Amino acid sequence: MASKEERTSCLEVVNLMLTAYNSFKLSAKDVLKRYLFMLLQMLGRYLGVEGVAARVDEGDDKIRSFELLVDNYYAQKRYPSFYAEQLNISINYLNRICQEKRAASCGTIIRGRILLEAERLLYHTFKTVKEIAFELGFENVPYFSTFFKANKGMSPEEYRKNL
């Protein structure tokens with residue numbers, strides 16, 4: 001059973017999804033997909049495998065723990081070594097279970113979470129790109145803009161303008 005805090009977190013994401021859905025903007029579909037993915041990940045973690053006839057292995061536990069750590073530290077800690085150390089496993093093992101369970105490297109998962117938050121902040125706030133960059137732990141705005149453009153194909157300013 002999910003705790004009150006976990007249910008509240010899920011409801012917040014659902015409300016964000018509703019806002020994106022009602023916006024009728026072209027990019028709302030992409031934002032909605034990311035929120036849905038995030039909600040499904042949260043639900044999977046909160047519900048675990050209780051009542052499901054599935055075999056739980058160590059990799060399942062580690063990937064869930066890794067994703068929780070990423071949710072908590074993505075803005076401060078970008079390197080897989082931090083997460084591997086927190087989980088008491090090697091970086092190679094962390095990468096292997098990420099590939100097996102999520103078909104992505106641990107670095108890709110971390111960058112994806114940073115990008116999701118960047119999109120959310122650009123879409124739902126009036127913060128400047130500079131404020132968003134610093135909030136997400138980037139030391140300078142050009143580096144944040146380069147990161148965003150490499151992953152989204154457009155600058156943060158263009159992304160916000162297209163919304």
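This is a predicted model: local features need pLDDT of at least 70, side-chain atom pairs count only at pLDDT 80 or more; totals for chains, interfaces and linings use all residues.
Close-up 1. R45 stands 20 residues away from S65 along the chain, and the C-alpha atoms of the two are 8.7 Å apart. S65 is also one of the α3 residues that take part in the contact with α4, a packing shown in the next view.

**Close-up 2. Crossing of helices α3 and α4.** Helix α4 covers residues 80-87, and its axis comes within 10 Å of the axis of α3. The two axes cross at roughly 125°. The crossing of α3 and α4 is right-handed. From α3, the contact is made by K62, S65, F66, L69, V70 and Y73; from α4, by F82, Y83, Q86 and L87. Sorted by class, the contact of α3 with α4 holds seven nonpolar residues, two polar residues and one charged residue.

**Close-up 3. Salt bridge between D60 and K101.** Eight salt bridges are found in the whole structure, and the one between the side chains of D60 and K101 has an N to O distance of 3.1 Å. D60 lies in helix α3 (residues 58-73) and K101 in helix α5 (residues 91-102), so this pair ties together parts of the chain that are 41 residues apart in sequence.

**Close-up 4. Salt bridge between D71 and R113.** The closest N and O atoms of D71 and R113 are 3.0 Å apart, and the two residues form a salt bridge. This pair links distant parts of the chain, with D71 in helix α3 and R113 in helix α6 (residues 106-124), 42 residues apart. D71 is partly exposed, with a relative accessible area of 23%. R113 has a relative accessibility of 14% and counts as buried.

Close-up 5. The side chains of E117 and R120 meet in a salt bridge with an N to O distance of 2.6 Å. Both residues lie in helix α6 and are three residues apart, so about one helical turn separates them. E117 is buried at a relative accessible area of 7%, whereas R120 counts as partly exposed at 22% relative accessibility. Through salt bridges that share partners, D71, R113, E117 and R120 are joined into one network.

Close-up 6. S145 is placed in helix α8, which spans residues 141-152. Its relative accessible area is 16%, and S145 is therefore buried, the limit being 20%. When neighbours within four places in sequence are left aside, S145 is in contact with V129 and P156.

Conventions: Residues are numbered from 1 along each chain as its sequence is written. Side-chain values use heavy atoms; hydrogens and water are left out. A salt bridge is a side-chain nitrogen of Lys or Arg within 4 Å of a carboxyl oxygen of Asp or Glu. Helices (H or I, at least four residues) and strands (E, at least two) are DSSP runs, numbered from the N terminus. Buried means under 20% relative accessible area, exposed over 50%, partly exposed in between (1.4 Å probe, protein chains only). Axes are lines fitted to C-alpha atoms, for helices over the stretch in contact, and angles run from 0 to 180 degrees between N-to-C directions. A crossing is left-handed if the near helix is turned anticlockwise from the far one by less than a right angle, and right-handed if clockwise. Contact means heavy atoms within 4.5 Å. Ala, Val, Leu, Ile, Met, Phe, Trp, Tyr, Cys and Pro count as nonpolar, Asp, Glu, Lys and Arg as charged, and the others, Gly among them, as polar.
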